[in-house]
Structure formats: structure tokens, C-alpha cells
Amino acid sequence: MWHTNDSGCTGVASVEALQTVVHDEAAMDGAARTPRVRLAEVVGSLSLATDLATGQPLEHALRRSLLALWLGEELGLPASDLSDVYYVALLGTVGCAIEGTVFARFGTDDIALSARVVTVDPSRPLELAAFGLKNFGAGEPPLRRIKKVASGALTGIAEFRAVCRDVALRVGDMLEIGPTIRQALAQCHERWDGGGGPQRLKGEDIHIAARIFHVAHDVEIFNRIGGLDAALSVARGRAGKHYDSKIVHRFLDLGQPLFSRLESEPIWDAVLSAEPAPLRWLSSHEIDELARALANFVDLRSPYTLGHSVGVATLAEQTARELGLSESEAVAARRAGLFHDLGRTGVPVAVWNKKRPWTTEERQRAQGHPALTELVLARSSALGHLGMLAGLHHERLDGSGYRGALASFLPVAARILAAADLYRTKIEQRPHRRALRPEAAAALVRRLAQAGQLDAEVVKALLVAAGHPAPRRVPELPGGLSDRELEVLRHIARGLSNRQMAETLFISPKTVGHHVQHIYDKIGVSTRVGATLFALQHGLVTDAP
């Protein structure tokens with residue numbers, strides 16, 4: 001299934017290169033010439049989105065993966081195990097991105113709660129209780145807050161772990177990353193002493209990749225918060241309880257050089273360079289399947305967005321084809337549509353699910369999600385151009401979009417994505433409104449095209465792609481005549497007087513006179529004979545009397 005090669009592809013795409021990249025993509029004569037993509041690039045990008053969702057600084061998971069891999073090497077693990085360690089460390093908190101939907105029941109900012117809870121020792125009930133009292137229901141009325149604290153105590157860490165495990169298993173299935181890695185991902189909340197969950201595994205029943213992940217994950221966080229001494233102290237204090245003592249002892253010997261090594265080169269490049277052989281390359285079909293999996297993963301954070309990204313991607317691709325764009329441009333539109341909402345992971349779930357109007361702060365966070373999408377994909381040389389397109393999906397031609405980009409900076413793929421996202425959003429239910437009927441959504445995008453916010457040609461193609469019949473084109477009349485003037489001209493050609501025309505058309509003779517004069521002026525004649533000849537020449541005289 002996977003394609004191997006000895007060479008890697010690294011680098012970061014720049015925002016300034018947007019139009020060049022899009023034009024280069026358009027110049028390709030087939031999807032087969034689109035940039036090659038490594039599995040590590042896709043998984044690495046997903047790890048960045050997971051950082052956003054869990055309140056960690058970007059590259060936390062990348063740094064964790066390097067620490068884990070280096071520890072595995074120091075422990076003398078075989079190459080197959082090192083590959084498992086690498087991918088488990090990158091994806092170990094992937095389930096926690098959806099775990100935030102559980103936290104959203106207890107606070108308005110699940111991302112902030114996720115960031116704080118990782119510093120709590122779950123083996124200390126008093127510490128957990130203090131965390132719940134301080135954070136659950138913060139800022140809400142006393143009675144409601146008490147209910148949330150009590151609910152959190154009853155639900156406990158067990159539900160969070162169960163959600164994290166279930167999501168990790170499903171993501172493992174979606175990524176088709178292999179049964180061993182999938183199994184280890186589901187064990188990232190287990191503990192060496194059996195006190196973790198949800199499976200209550202103990203000791204070496206926990207996969208070695210999961211055991212190394214436990215140590216690497218925590219020491220990276222505590223080193224960032226309190227320095228090396230804090231990381232060493234946590235590792236030492238949890239050895240034999242949370243962590244495998246053998247792994248801890250190796251870390252205690254190597255902590256200083258490992259963290260120094262982390263600072264020696266750009267993290268993204270280091271992670272791609274460190275991937276254990278054989279490198280995993282993706283076919284075009286596999287790229288699409290992984291992009292679809294990531295889209296569904298992100299949309300899962302809110303019940304109101306289930307299927308949204310796939311719907312946008314499908315409509316964007318169909319619109320591109322309706323416009324007659326090249327195969328590579330249609331593929332880019334589809335993939336950018338699948339990736340376009342990755343940045344939503346960096347916005348609290350409560351914001352997306354809120355029924356009342358957003359506060360200024362909430363609106364600013366929500367409107368920042370396209371820029372986060374671009375940021376997540378920017379590090380990948382193979383996906384960066386898609387991130388740039390996806391980051392423009394809320395822009396408008398008149399500069400009134402989220403980021404203020406003007407028409408001259410919006411390539412056609414970005415214009416397609418903006419229209420597709422808007423139309424699809426409007427036919428979906430949101431917490432503050434019901435879904436619009438397709439006809440109403442079509443009318444809305446037409447109005448925005450007429451107002452100069454959406455590209456009119458894109459909107460025409462999009463509505464055809466969405467199943468709306470194309471509006472019947474009314475041919476322009478010769479001489480610029482109006483429909484009423486055409487009626488009068490036909491009566492002139494049949495020899496009716498002004499009074500007779502007035503009786504037939506139910507207007508005054510004076511109004512008929514004005515129409516006659518306007519007709520003469522438009523078609524350049526001054527007599528009824530001249531007008532009749534004009535009507536015959538242009539086939540405007542019907543057989544009806």
C-alpha cells in the first residue's frame with residue numbers, strides 16, 4: 001500500500017508565493033504531476049492541529065516525537081518498533097482533540113481546560129478535586145457551577161480516557177496506519193501500575209510505543225513550563241507508577257543532551273529527517289483518503305458540522321469542473337475543501353455550539369480559524385499550497401472577508417472555495433438557526449455575487465454543480481428595445497394607429513406616442529415604413545394578428 005523512497009521532501013511554503021504556486025498547479029496537465037506527499041507530512045500536520053485543540057504550543061507533538069524516537073534508539077529498539085514509536089508519539093493525543101467535546105460540558109473553553117489538566121497528577125484525588133472546583137463552571141451562576149462540578153466528579157477522568165481511546169481507534173482505522181500503531185494509540189492513557197484507563201492495562205501489557213509516549217509527552221510539557229529540573233522531577237516522581245522505570249532511568253541519564261538536541265535544528269525538518277526507514281509515500285488515492293479522514297475528524301468536534309468539509313470539497317471540485325478548469329486545479333479545489341476547516345480545532349467547541357450571539361472575543365477567535373488552517377499546513381512543502389487556498393475560504397472580492405484580502409489576491413480556486421463553503425454552510429443547521437432550503441441558499445449567493453462579494457461566474461457554475469437549473473438566458477433585443485417597445489413595434493408593423501395600440505395595450509395614446517418616438521430613436525428611423533422594415537429584417541414580426 002505504501003510507496004517507499006530514500007529521499008525526503010521538506011520545507012515551508014510562504015504566503016507571498018500563493019499566486020505563483022496556484023499558477024504552477026494550474027500549469028500541470030494532470031493529477032499525477034501534483035507534489036509527492038509523505039505520510040509523515042500528513043500525520044505531522046494533523047499533530048499540529050491536535051496541538052491547537054489541546055491548548056499546547058504548535059510543535060509540541062513534533063518535539064515529543066523526536067524525544068520518543070531518541071529514547072527508543074537509546075533503549076536499543078529494533079527498526080520496526082522505532083517506526084511505531086515515531087507515529088504513536090506524533091498521534092498520541094489525537095483522541096484528546098475530540099475529548100475536548102467532553103470538557104465543553106464543564107467549561108466555556110475546552111482548549112484552556114485541556115491545557116491545564118495535563119499538569120494535574122491523576123493519581124492524586126485531592127489534586128483532581130481542586131482542579132474541578134477551580135475550573136468547572138467558572139464564571140457561571142453558583143447553582144449551575146455546582147451542578148457542573150458534581151457532574152465532572154461523577155463523570156471523572158474515566159469518561160475522558162474512554163473518549164480518547166475510542167477516537168484514537170477510529171483515527172487509526174481512518175488513517176490505515178497499521179494494527180500495532182492503532183493498538184498503541186488506544187493505550188496512551190494507561191499507566192505502568194495499572195491505575196490508568198480505560199483498559200486498566202499494566203506493566204509490559206502496555207505497548208512499548210505507548211510507554212515511551214507517556215514519558216516523552218509529560219517531560220516535554222514540564223520542561224517547557226518549569227525547565228529541565230521540573231521535567232526530571234516529574235519523571236523521577238512517577239517512575240514505577242505512571243511510567244516504566246527502565247524508560248525513566250534512561251531519560252534521567254540523557255535529559256540534558258536530549259533537550260539540547262531539540263534546539264539544534266528546525267523541528268519540522270528534524271521530524272521528517274528522523275522518520276525510520278522505509279519512508280512511507282502516498283499515492284494520489286491515499287492522499288484523498290487521508291484528507292477525507294482528517295476532514296471528518298475535524299468536523300466531529302461539533303454536531304453541527306458533521307460532513308461539512310466533505311460536502312464543501314465535493315461542491316468545490318464539481319464547480320471547478322463546471323468552469324472548465326484543469327484536472328490539477330479541480331483536484332486542488334477538492335483537497336483544499338477537505339482541509340479548509342483544520343483551524344477550527346483551535347477554537348473552543350462552545351463557540352461553535354453557542355446559540356446566543358458571539359461576544360467580540362468569541363467572534364475574533366472564530367474568524368481566526370482560516371489563518372490557523374494555513375498555519376497548520378504551512379510547514380509541509382507538499383500541502384502548503386493547499387493551506388494557502390484553504391486559508392482564504394472566508395474572503396470576499398470586495399475585501400470584506402475575515403482577513404481583508406482583495407480580489408486581486410484571490411485565485412479562482414479560493415473564490416470557488418469561498419462560494420462552496422458559504423452555500424454548504426447555509427443548507428446546514430447551526431445552533432442559532434435552522435438550515436436554509438437550497439433555493440434560499442442559492443438566492444443568497446446570487447445576491448452576494450450581484451453585490452460584488454462573490455465571483456459571479458463562480459456562483460453560476462456552483463449553482464449548476466449544486467443541482468440548481470441554470471437561469472434561462474433571455475436574448476438581447478435588436479436596437480436595445482425593451483419588451484414593451486417590441487410589442488409596440490409589432491403593432492406598428494401591422495399598421496395599427498396610436499389609438500388602436502392604446503386600446504390593445506391598455507395604455508393611453510400619449511404613452512403610445514412616447515414609445516413610438518423612443519423606438520424610432522433607438523433603431524434610427526423616422527417613419528412607420530422604416531420601422532416595419534427593421535422589424536422584418538430582424539425577424540420581429542410574428543404570424544399572430
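Predicted model: local features only at pLDDT ≥ 70, side-chain atom pairs only at ≥ 80, totals over all residues.

Author: An angle between two helices is taken between their N-to-C directions, along axes that are lines fitted to C-alpha atoms over the stretch in contact. Helix H24, which covers residues 483–493, packs against helix H26, residues 509–523, at an angle of about 95 degrees, and their axes are 10 Å apart. Angles of 65 to 115 degrees count as roughly perpendicular, and H24 and H26 are therefore described as roughly perpendicular to each other. On the H24 side the contact is made by Arg-484, Glu-485, Val-488, Leu-489 and Ile-492, while H26 contributes His-515, Val-516, His-518, Ile-519 and Lys-522.

Helix H26 also holds Val-512, and this residue is buried, because its relative accessible area is 0%. Leaving aside residues up to four places away in sequence, Val-512 touches Asn-498, Met-501, Ala-502 and Ile-507. Between the C-alpha atoms of Val-512 and Arg-499 the separation is 8.1 Å, although the two residues are 13 apart along the chain.

Val-529 counts as exposed, because its relative accessibility is 60%, and together with Leu-533, Leu-536 and Val-541 it makes a nonpolar surface patch of about 380 Å².

From there we can turn to the charged pairs. Side chains of opposite charge can pair when their charged atoms come close. The structure holds 27 salt bridges, and one of them joins the side chains of Glu-59 and Arg-379, with 3.0 Å from N to O. This pair links distant parts of the chain, as Glu-59 sits in the loop between helix H2 (39–53) and helix H3 (60–74), whereas Arg-379 sits in the loop between helix H19 (369–378) and helix H20 (384–390), 320 residues apart. Both partners are covered: Glu-59 is buried, with a relative accessible area of 19%, and Arg-379 counts as buried at 15% relative accessibility.

Another salt bridge is formed by the side chains of Arg-365 and Asp-109, at 3.1 Å from N to O. Arg-365 lies in helix H18 (residues 360–367) and Asp-109 in the loop between helix H5 (96–103) and helix H6 (110–117), so this pair ties together parts that are 256 residues apart in sequence. Here Arg-365 is partly exposed, with a relative accessible area of 29%, and Asp-109 also counts as partly exposed, at 22% relative accessibility.

The pair of Asp-253 and Arg-250 has another setting, for these side chains meet in a salt bridge of 3.7 Å, N to O, within one helix, H12 (residues 245–262), where the two residues are 3 apart and are therefore separated by about one helical turn. Asp-253 counts as exposed at 57% relative accessibility, while Arg-250 counts as partly exposed at 26%.

Finally, charged residues can also be joined in a group, as with Asp-288, Glu-317, Arg-321, Glu-327, Arg-334 and Arg-335, which are linked in a network of salt bridges.

Technical notes: Residues numbered from 1 in each chain as written. Heavy atoms only, no water. Patch = residues over 30% accessible without salt bridge, like charges linked within 9 Å, V, L, I, M, F, W, Y side chains within 5 Å. Areas by Shrake-Rupley, 256 points an atom, 1.4 Å probe, with all protein chains shown as cover. Salt bridge = Lys/Arg side-chain N within 4 Å of Asp/Glu carboxyl O. Buried < 20%, exposed > 50% of the residue type's maximum accessible area, 1.4 Å probe, protein only. Axes fitted to C-alpha atoms, helices over the stretch in contact; angles between N-to-C directions. Helix = DSSP H or I, 4+ residues; strand = E, 2+ residues; numbered from the N terminus. Parallel < 35°, antiparallel > 145°, perpendicular 65-115°, else oblique. Contact = heavy atoms within 4.5 Å.
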